[in-house]
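Hi there,

Here is the structure I promised to pass on.

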Amino acid sequence: MTDPYVQYRVADGVATLTLDSPHNRNAMSTRLVTELRQGLADAAADPAVRAVALTHTGGTFCAGADLTEASAASGDGDPAAADAAAPAALAAGRARSMVELLRAIIELPKPVVGRIDGHVRAGGMGLVGACDIVIAGPSCTFALTEARLGLAASIISLTVLPRLTSRAAGRYFLTGEKFGPQEAAGLGLVTITADNTAEATTAILEQLRLASPQGLAESKALTTAAILAEFDRSADSLAAQSARLFGSKESLEGMKAFLQKRRPSWAR
């Protein structure tokens, strides 16, 4: 049996989901996304679970899409191979899976608390945006790097845009710059910054245990209604955009350059 990419543990009314795929810095591979969705479903079905804690092993919370997997699905960087119908179908399937994962977090009738002690990139930002409460440690950095790869933060915009100020979104969606936990808190992406995220998370979870299951579910529904409405309006078109971009020549060059640790052809 291989070790899971997402560890699942329940204790004291809290289901802890731990991203544990160190070989690719917890990138959102098909397997990690599948296991994370299963963990959320298990937590939703367990009446003993009052809240969910989402965290990670290693120095990266989530590196975004698994570019090795995405590049292979798109013809391994070969534009001729990428013209085939199969890679396009794979890209569409991956996009739909990401939409369903983010929606599962938002729709979960139990609060999701993110405990972040590392780097967050691209698709990982979507997970952070989907959490109800986010605690970030001093080693965290955040970046929306899609534009540098010939992509756009299509699907994750559904959960990230509602958390950021419009000026911050305009800057970081376009530049791909890194920013730290204090700025993330000031922009609304992060709820709490703490030197000891374990203690801060424990304190939040203790407060959540004082609320009733019904009270938590109905209160969360109030705070996520606008986000879910935007899912209904835009998720299909954003998933289509994501699939189209992942199959484009520019994104193939961007992913190939990233994997080869060089600048893409358009970078100045």
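Rings of Phe, Tyr and Trp count as a pair if their centres lie within 6.5 Å. Please keep in mind that this is a predicted model.

With that cut-off, a search of the whole structure turns up two aromatic pairs. One of them is Phe-142 with Phe-179, which is stacked, at 5.7 Å centre to centre and 25° between the planes. This pair links distant parts of the chain: Phe-142 belongs to strand 8, while Phe-179 sits in the loop between helix 7 and helix 8, 37 residues apart. Tyr-172 and Phe-179 also pair; their ring centres are 4.4 Å apart and their planes lie at 40°, so this pair is tilted. Taken together, Phe-142, Tyr-172 and Phe-179 make up one aromatic cluster. Phe-142 and Phe-179 are both buried, and Tyr-172, at 3% relative accessibility, counts as buried too.

Another ring to look at is Tyr-5: Arg-31 lies over its face, 3.9 Å from the ring centre.

Strand 1 and strand 2 run antiparallel, joined by six bridges, and Gln-7 stands opposite Thr-18 in strand 2. The two strands form a hairpin with two residues between them, and Asp-12 in the turn has a positive phi of about 55°.

Best wishes

How values were computed: Residues numbered from 1 in each chain as written. Predicted model: local features only at pLDDT ≥ 70, side-chain atom pairs only at ≥ 80, totals over all residues. Heavy atoms only, no water. Pairing = 2+ DSSP bridges. Helix = DSSP H or I, 4+ residues; strand = E, 2+ residues; numbered from the N terminus. Phe/Tyr/Trp six-rings, centres within 6.5 Å; stacked < 30°, edge-to-face > 60°. Buried < 20%, exposed > 50% of the residue type's maximum accessible area, 1.4 Å probe, protein only. Lys NZ or Arg CZ within 6 Å of the ring centre and 35° of its normal.
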